[in-house]
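Hi there,

Here is the structure I promised to pass on. Please have a look at it first; my notes on what turned up follow below.

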Amino acid sequence: MLSEEFRKIVSKLDSLHINDDAGYEKCWEEEVNLLSKNINETINFLKTDCSADEFSWMSEGFDDIVDKTKSKEFIDSIEE
């Protein structure tokens with residue numbers, strides 16, 4: 001399930017050393033790929049199960065997700 005996978009990525013991000021640029025890059029890539037894979041599931045997660053902290057983590061990848069999916073519905077959901 002998307003929420004579980006996303007939370008695993010956030011947990012990894014949260015545990016990385018502040019200077020681990022390669023680790024951050026790998027996690028961000030995983031996050032963008034996960035959230036872009038099924039945009040309807042991502043939108044549902046945003047609307048029903050995403051905490052403010054998770055939204056903050058996710059926001060770093062918004063531009064990349066939009067670039068990959070070209071989803072107007074995703075843009076609308078993050079504006080809500």
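**Salt bridges**

Lys72 and Asp76 join their side chains in a salt bridge, at 2.9 Å from N to O (the term means a side-chain nitrogen of Lys or Arg within 4 Å of a carboxyl oxygen of Asp or Glu). The two are 4 residues apart in helix 6 (residues 72-79), so about one helical turn separates them. Helices here are DSSP runs of H or I with at least four residues, numbered from the N terminus. Lys72 is exposed at 55% relative accessible area, while Asp76 is partly exposed at 30%. For these words, buried means under 20% relative accessible area, exposed means over 50%, and partly exposed is in between (1.4 Å probe, protein chains only).

Before going further, a word on the source: this is a predicted model, where local features need pLDDT of at least 70 and side-chain atom pairs count only at pLDDT 80 or more, while totals for chains, interfaces and linings use all residues. Residues are numbered from 1 along each chain as its sequence is written, and side-chain values use heavy atoms, with hydrogens and water left out.

Searching the whole structure gives 6 salt bridges. Glu30 takes part in one with Lys12, at 3.0 Å from N to O. That pair links distant parts of the chain, with Glu30 in helix 2 and Lys12 in helix 1 (residues 2-15), 18 residues apart. Glu30 also forms a salt bridge with Lys26, again with the closest N and O atoms 3.0 Å apart. Lys26 is exposed, at 53% relative accessibility, whereas Glu30 is partly exposed, at 24%. Elsewhere, Arg7, Asp49 and Glu54 are linked in a network of salt bridges.

**A buried charge**

Glu31 sits in helix 2. Leaving aside residues up to four places away in sequence, Glu31 touches Phe6, Ile9, Leu13, Trp57, Met58 and Gly61, contact meaning heavy atoms within 4.5 Å.

**Around Ile39**

Ile39 belongs to helix 3 (residues 39-48) and is buried, with a relative accessible area of 17%. Beyond residues up to four places away in sequence, Ile39 touches Ile65, Thr69, Ser71 and Phe74.
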